[in-house]
Amino acid sequence: MLNRTAAARPKDLHEAAWEAGVVWTGLFALGVGFGVLVTSHGLPWWLAPIISATTLAGSVEFLLAGMLAATAPIAAIALTTFLVNSRHLFYGLSFPLHRVTGRLRKAYSVFALTDEAYALTAGKDPDGLTSGRILWTQFGLHLSWAAGAAAGGLVGHRLLGDLRGVGFLLTALFVVLAMDAFQDSPDLCTLASAAGSAVIALVVAPASMLLVAMSVFAASLAARHHLTRRGRRFARA
Amino acid sequence: MPDPTYVATALTVAVTITVALRAIPFALKNAVAGSALLADVGRWMPLGAITVLAVYCLAQIDLSTPTRGLPELAGVAVTIVVHRLRRNVVLSILTGTATCMILTNWVLPT
């Protein structure tokens, strides 16, 4: 038993690194950007890896750094965190947590359920994912994000402050992941309703775009589910 | 450096809310297990959520800057073309980001 788990581990790590290695690298680079941002706000460098390792939610952390530096009210920080991160409410529905074994590991898996972790696992056939591979993928994201933040905080923006465009990495990442997700399940209806929801949210509520877009998209899915079921019932009659 | 107690409180609040948002759906899932709606949502959500995140990132491109967002738009174009040609995630992201960074820092500096 011990031998089996020990033997399974290198393979899981290898598969996770092969599949997610570039995203780890990307998150490290983004983490460097975050570390630079934290120090440029006048906050101590070590706060960057601490925020990254505990909050582990890229988009809200960039906002958080500015709010902490300006000593924003705790209530404002709570509301911002809630609004920016509430899209995670929709991830749990299809994240393959049932593939992760052990209570502690499951708890870690939920804690580390970032956008990237979801994007790298949820589109795949759950039966092909082992517990170790999911956990390594998530731990790699966690570690590279926190390590990048530490590096960026230490080097400071004296060295990298003038280098712009690093943040584009995130845009390229999600464009590529969307292209791959579409290739895996070429569903034009899903693509169109998600893009439509995103555009509606951009027009109606640009400040809380992610939450509004995910809610509109979820509502469109519920409507589509009921319409296709009714269609099936008609077809049978 | 702001007051350490303030920073610790703010971080604890942010972490608690983030973890709760990630955990709530799993707690609710048992209550609605076997739902046909949930099965459909699970099937459609991955592509949809990634698409929303991609549009969110694309919408951050600021067309009102002195460079008119050209470096970013060129980066997106290169990312898409390289990914269509080679289907290599690493290569696509790196060439797209390199394009954006070279244009921003050295070709169209402001």
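**Exercise 1.** Work out which residues A:Gln138 is in contact with, leaving aside its neighbours within four places in sequence.

*Solution.* Start with the rule: contact means heavy atoms within 4.5 Å. By that rule, A:Gln138 meets A:Phe95, A:Tyr108, A:Ser109, A:Ala112, A:Leu113 and A:Ala117.

A word on the model: it's predicted, so local features need pLDDT of at least 70 and side-chain atom pairs count only at pLDDT 80 or more, while totals for chains, interfaces and linings use all residues. Residues are numbered from 1 along each chain as its sequence is written, chains are lettered from A in the order in which they are written, and side-chain values use heavy atoms, with hydrogens and water left out.

**Exercise 2.** Decide whether A:Gln138 and B:Met1 are buried or exposed.

*Solution.* Grab the cut-offs: buried is under 20% relative accessible area, exposed is over 50%, and partly exposed is in between (1.4 Å probe, protein chains only). A:Gln138 comes in at 1%, so call it buried. B:Met1 has 52%, so that one is exposed. You'll find B:Met1 in the segment before helix 1 (4-29) of chain B.

**Exercise 3.** Find the contacts of B:Met45, again skipping neighbours within four places in sequence.

*Solution.* Run the contact check on B:Met45, and you get A:Phe90, A:Ser94, A:Tyr118, A:Met214, A:Phe217 and A:Leu221.

**Exercise 4.** Look up the domains of chain B and how far apart their centres are.

*Solution.* An automatic or database assignment sets the bounds: domain 1 (1-33) and domain 2 (35-110). Taken over C-alpha atoms, their centres are 29 Å apart.

Technical notes
Helix = DSSP H or I, 4+ residues; strand = E, 2+ residues; numbered from the N terminus.
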